[in-house]
2 protein chains.
Amino acid sequence: MTTPELSARTHLGRPRKIIDGLEKLVGRAPYVADQWLPGLLHARPVLSPYPHARIRGIDRTAALAVPGVHSVLLGADLNVKPMHSRPSLLLAEDLVVFAGQPVALILADTEAQAADAAALLDVDYEALDAVEDAEAALAGGTLVWPQGVPKADGGMAGLHGGEAGAQVAREPSNVDEDRTFGRGDVDAALAGAAFTAGGSFRVAGVHQGYLEPHAVAAQPGARPGEVTVYTSTQGQYVVRSEVAGALGLRERDVHVVPLTVGGGFGAKYGIMDALVAAAALHARQPVRLVLTRSEDMLTTMPAPAIDVTLRLGAAADGTLTAVDADVRIENGAFRFGHGGIIATMLGGLYRCENVRIRTRELLLNRAPVGAYRAPGVPQALFALESAVDDLTRQLGADPLEWRLRHAVQAGDPMGTGRPWPDIGLRDCLEAARAHPLWQGRRDLPAHEGVGLAVGGWPGAFSPAGAVCRVDTDGTVRLHVGSVDISGVHSSMVLIAAETLGVDPDQVEIVQGTTDSGPYAPNSGGSQVTISLSGAVLDASTQVRDQLLDLAARHFEAHRDDLELTGGQALVRGIPDRAIPIGKLAAQAQRAPGGPGPVVAEGRAALKAGAPGFIAHLVHVRVDPDTGAVTLRRSVAAQDVGFALNPLLVEGQIQGGSAQALGLGLLEGLDYAGGTLANPNFLEYAFPTSTDMPPLEALLVQRPSEHGPFGARIVGEPPITAGAAALANAVREAAGVRVTELPFTPEAVWRLRQAQSGD
Amino acid sequence: MTTPELSARTHLGRPRKIIDGLEKLVGRAPYVADQWLPGLLHARPVLSPYPHARIRGIDRTAALAVPGVHSVLLGADLNVKPMHSRPSLLLAEDLVVFAGQPVALILADTEAQAADAAALLDVDYEALDAVEDAEAALAGGTLVWPQGVPKADGGMAGLHGGEAGAQVAREPSNVDEDRTFGRGDVDAALAGAAFTAGGSFRVAGVHQGYLEPHAVAAQPGARPGEVTVYTSTQGQYVVRSEVAGALGLRERDVHVVPLTVGGGFGAKYGIMDALVAAAALHARQPVRLVLTRSEDMLTTMPAPAIDVTLRLGAAADGTLTAVDADVRIENGAFRFGHGGIIATMLGGLYRCENVRIRTRELLLNRAPVGAYRAPGVPQALFALESAVDDLTRQLGADPLEWRLRHAVQAGDPMGTGRPWPDIGLRDCLEAARAHPLWQGRRDLPAHEGVGLAVGGWPGAFSPAGAVCRVDTDGTVRLHVGSVDISGVHSSMVLIAAETLGVDPDQVEIVQGTTDSGPYAPNSGGSQVTISLSGAVLDASTQVRDQLLDLAARHFEAHRDDLELTGGQALVRGIPDRAIPIGKLAAQAQRAPGGPGPVVAEGRAALKAGAPGFIAHLVHVRVDPDTGAVTLRRSVAAQDVGFALNPLLVEGQIQGGSAQALGLGLLEGLDYAGGTLANPNFLEYAFPTSTDMPPLEALLVQRPSEHGPFGARIVGEPPITAGAAALANAVREAAGVRVTELPFTPEAVWRLRQAQSGD
């Protein structure tokens, strides 16, 4: 492979609209809910209202009597393998371990019939004592898994670029993992510190809140145990493994067709897929399940509530001497590993010789948690960056300058001890410093303030393949196995267009299935763009070589005298010697004894990741009478290495900023009584566009050593610092320190009252 | 690319079951009629009952009043480009040029509603004089196209491996083409011949008679003019071109998804696809049309009726000195080029210095003809091989020995003058000679006889691509753009299995669409196996190299010490040093900085074709009282070069033999009065299994210079000689020469009566 000279770039690095915008706007994008199959049965789950219960019996009579009902499936009908994770959990049999757990699945000719039958299903529950919160989990009186937590073959955390937790055999306990990461002597450092800051911080569990609920359709195949799964997923190969694993099928018999994804944010890795596939195989008919919003919020895998108790120590000169954190993660009924990534970031944002981070992963009778954009990090950095803000106040230091002085750079250790590669955290701080919002922060009206926080994400990376073809009409087809949840394919198109000298509109993405797709990583862990780019570049560079060879033969010219531009191959300096690349492809495709169709496959595997960092400024006004916070402005300076498509990169940063502010101000799962009390978008509040201030994205471009074209990960960093920056802005505007997210006007008002009462 | 040593073959060349047998048996193979789409409208065409008529007006009122009817589409609603061929013909506007031509299309919620409305559509026709038969066509009083025949951009004949006819501007005429092929001085040769034989022969038009009628579903896309076409086709890329061409769309906006084909035989190249696509774009909803059997036989493209007047001359020593033929081809309302291929074979089966073949392609007011397995050749060889049989009788020569002496071989000219490459016609005759049926032909009971005829087909070939991948579970995926109408993919699987040392059950074919598929030629013209094999071999050989490299690294061994066998890579002679190829793929797919997923694309383009020849023996009994012919046995010796999968090759030969005998005994389109009188399977008789004798296939394997592994074309030769052999068997058994196909017992009886009356 020879890499073309792309220094003078025509398409890469320039903003360009997203390629699937039109089909989404006009309603032609194929979602699972649009999927019709002959003989389709509609499914409706029956969910447990109890967080912990024994099922004494289920009477199907009334449900089966509803006209159009095909069957009422119970666990004993479907379960074939022991469950060990939410995706492998089909239907409860004797025991329910969380409120929202499916106990039956109704199949009927219409959705309405299935819903009617679900309402009539008579389940006899015996309610049991439940582990409803972290305190109950730690007390251990009741155990979620008295026989020990079901073992995962390979946890879910690895999917998201986080550090997988080591698994240690222990007595049955609700503390699934208890790990301590660190270096140095924290106790001594704290004892000797000139200044300390910290406190206890809590972030509520939140839901990913994608617009499209989980939706799956499955169709039995010809072979016994063969099934095709149409799904809304961030990773079709993961769904294949999950379904095959849960049902004991061969992977090759599970065909996954990824359809348009209406939002993922870490949650779309096949939660309902095995259940729907099992139902279709059982019914020998296609089955489709589209969760309602309430079902979705009750039965899927949200982000955990996380408590962080933190203490920082600093020397008189401001040097950070100690980071001491105790983190409790409320994982729900199954294991999930947030500890490693939380430690990575808590102990890896600032240079510090003494670090101790204890992470405890707790089991509760609550819906098992899953990944949500930068899992655990916004929660952990809310604590760290709030404490840093307080520390700098004690030090009398400028919070930006202090961070700039102490921020990690290449070679400094992460919280796990491994060194960072080249990163741009300081560059982000410098960009924030130069911004008018920071420069003018002292000149604001009363009750207004600007808060600063930093964040980041190490990011995953994986090998990938891609196939590139040129059709006889000049269309370039890029065949990929990745799914597009945030515009990745719009950037891949630019790479091919740049390499082949065609307009990006001439490039068509072909979405592969698990059968047809060249392997690509999940669209999660911020990895897909940096992982796939190399394969696309490899494939399109080979196609470029093929086209130049064809053109050299066509013009009887030397390859070095040729170039590809404007969809044509031409002889440099002789404008009328040009031939469209489609014609070259047609010649190759038709010539007896010729080279054959213009097509090439590319493969690539990065050697290391390309972490992304962010500095976030949030400007608020706090109403002095009510405590209500008005968001005035958000400025996020993020190091993206090189923005393949700046428009989409800015969009990702804006989206992450909005989610971070929602996390701070509005969102929170309410598990009062062990059952989710607000499983809908009326009672669970999301920010809307009217809640949002202008969201500015500053693209810092410090090229990564490893990422293609210098690109870094983009997706996860933007959510990591915003909530902390918001809290620091409130501190600045209103003089109070919020320690719980989300915070209400009442909470701010009470803090102010308490303060003025001092 | 290094070619693996495949001399000791494990899978190639051994009989193995067809890979899609199970899904067809259990009803899971996806046919167009199974295709459901949201908002699907069902279409029903209204066909003209008149062969030639002016449409005075169409009143849609009654049809539109049928409940559930969405629209009644007329030509003015849909037609955007001038039509020049059957596939580009949407709906008639002012003029109807054949009985069966669509004049309207009803769209309704159900098929029944559409059919009701079609029956109620009030079309006011003014019947016009029609060109009903060849005599009328040649008389020229009425012209099918008084303004000249609509021009094709590129005729249909090229699709099928035939010689495309040169197009000459002429006065409007029903004689669309009048070509003469030849060499030497035929008149002088005939004048000086010691023996002559010949006569006038006629073969009725026949229908391809696939089990699945033409069926198309189309769904509008997001972009204006974008449409996805689900179709039963032999060539998805042809359908794409036809639809784009007829509707004036960009090729890249037409997405063709080929579904299971329920029989093609040359007829499935998108006859209804443009109409259905236009209807879907007009309705902005998906539309599906599944023709009824009668509609299908009335409106699609059958094989032409062909008349051949032939005279052969021979010297006293038996040398063939003259072939003089006058061929009339009844093409129907549009042009189609059978002349070149007929001349190729009529003048290219025996060595002869003086050849003159005139071919006239006639236009009639009749459904335009299309390709049917070896288009034109069974008809032409019925004439030639009957005349040869008579000539050898005059010469007192053994018909097999005479053929063996005069049959063409490499370097001898075809009827068009081009030389044959290496061919196996003589080998086939030798195989037939050795067969007990031929050896025992003198020892049969009275009224029985064995007839011999030979045939063949030059065959097409085209470049092709393929992609091969290894999944982490060891499944080998072979991604191809070809469609499978006769088992081609079952043979491709063997090539990959052989190359990679896996069981063929471990190889999965991935059917590409026009978007995803690596380019492959049509499954027609007998070309797909020989054209695609090279690409599959190239791709799987590259994958083999990748696996060996991975294994060499894994075992720290030299590549030369490794082999792939039983789905594993192993170190030769050390049985416990083995690793499944899926594990190697997983290593490659997961290793940071590694080679990436195991995947490769292959490309290939043959330099020349690999013609296939056949010698066919048919054994009959003719009832002396009724003239009824009973088929006793059929033995077809065909040179297949190398049978990649002998089971499927034998199946192709048996199928072609059956069709040849049906052509001889039963099938015939009845155009009495200009309108097809037998458009159904009650009145148009096909042979059934009870009509068929044992069909024996002798595989002659004379390796082709060009075909992969020495393979030759297989699909078309088996139909080319059977009808002539049948006629020669009747001559042998009953002493009479039939000159019309199909022939009835009455016809044979009358011939016998006429003879005994002599």
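Visitor: In strand β12 of chain A, which residues point one way and which the other?

Guide: A:Val287 and A:Leu289 point one way from β12(A), residues 287–290. A:Arg288 and A:Val290 point the other way. All four are buried in this predicted model.

Visitor: What makes β1(A) and β12(A) a pair, and in which sense do they run?

Guide: Pairing requires at least two bridges between the strands. Strand β1 of chain A, residues 41–47, has two bridges to β12(A), and the sense is parallel. At one point A:His42 stands opposite A:Arg288.

Visitor: How do you know that β9(A) pairs with β12(A)?

Guide: Apply the rule of at least two bridges again. Strand β9 of chain A, residues 215–220, has four bridges to β12(A), in the antiparallel sense. A:Val216 has A:Leu289 as its bridge partner in β12(A).

Visitor: Turn to chain B. Why is B:Met414 called buried?

Guide: The cut-off is under 20% relative accessible area. B:Met414 has 7%, so it counts as buried.

Visitor: Where does B:Met414 lie, and what does it touch?

Guide: B:Met414 lies in the loop between α12 (399–406) and α13 (425–434) of chain B. Leaving out residues up to four places away in sequence, B:Met414 touches B:Arg183, B:Thr344, B:Gly347, B:Gly348, B:Pro419, B:Trp420 and B:Pro421. B:Leu346 is 68 residues from B:Met414 in sequence, yet their C-alpha atoms are 8.4 Å apart.

Visitor: Why is B:Arg360 called buried?

Guide: Its relative accessible area is 12%. The limit is 20%, and B:Arg360 falls under it, so the term applies. B:Arg360 sits in strand β15 of chain B, residues 355–362.

Visitor: What makes a polar contact with the side chain of B:Arg360?

Guide: The side chain of B:Asp326, at 3.0 Å. The N or O atoms must be within 3.5 Å, so that distance qualifies. The residues that B:Arg360 touches, beyond four places in sequence, include B:Leu138, B:Val175, B:Glu177 and B:Asp178.

Visitor: Why does the span of helix α19 of chain B agree with what it should be?

Guide: Helix α19(B) has 13 residues, 722–734. At 1.5 Å a residue, they should span 18 Å. The end C-alpha atoms are 18 Å apart, so the two values agree.

Visitor: Why is α19(B) called largely enclosed by the rest of the structure?

Guide: Of its 13 residues, 11 are buried, so the description holds. Among them are B:Gly722, B:Leu726, B:Asn728 and B:Val730. Just after the helix, B:Gly735 takes a positive phi of about 75°.

Visitor: How many residues are in contact between chain A and chain B, and how much area is buried?

Guide: 60 residues of chain A are in contact with 60 of chain B. The two chains bury about 4,600 Å² between them, 53% of it on carbon and sulfur atoms. On the chain A side, A:Arg28, A:Arg252 and A:Arg603 lose the most area to chain B, together 15% of what that side buries.

Visitor: What makes B:Arg252 and A:Glu508 a salt bridge?

Guide: The rule asks for a side-chain nitrogen of Lys or Arg within 4 Å of a carboxyl oxygen of Asp or Glu. The closest N and O atoms of B:Arg252 and A:Glu508 are 3.0 Å apart, so the pair qualifies. The rule finds eight salt bridges across the interface of chain A and chain B.

Visitor: How many residue pairs are in polar contact across that interface?

Guide: The rule finds 30, both residues of each pair at pLDDT 80 or more. Elements of chain A that each supply at least two residues to the touching side include α1 (21–25), β19 (507–511) and β23 (599–604). The largest share, five residues, comes from β23(A).

Methods: Residues are numbered from 1 along each chain as its sequence is written. Chains are lettered from A and ligands numbered from 1 in the order in which they are written. This is a predicted model: local features need pLDDT of at least 70, side-chain atom pairs count only at pLDDT 80 or more; totals for chains, interfaces and linings use all residues. Side-chain values use heavy atoms; hydrogens and water are left out. The expected span of a helix is 1.5 Å times one less than its number of residues. Buried means under 20% relative accessible area, exposed over 50%, partly exposed in between (1.4 Å probe, protein chains only). Contact means heavy atoms within 4.5 Å. Buried area is the accessible area (1.4 Å probe) that two parts lose on being put together, summed over both. A polar contact is a pair of N or O atoms within 3.5 Å; within protein, one must be able to donate a hydrogen and the other to accept it, and residues adjacent in sequence count only if both atoms are side-chain atoms.
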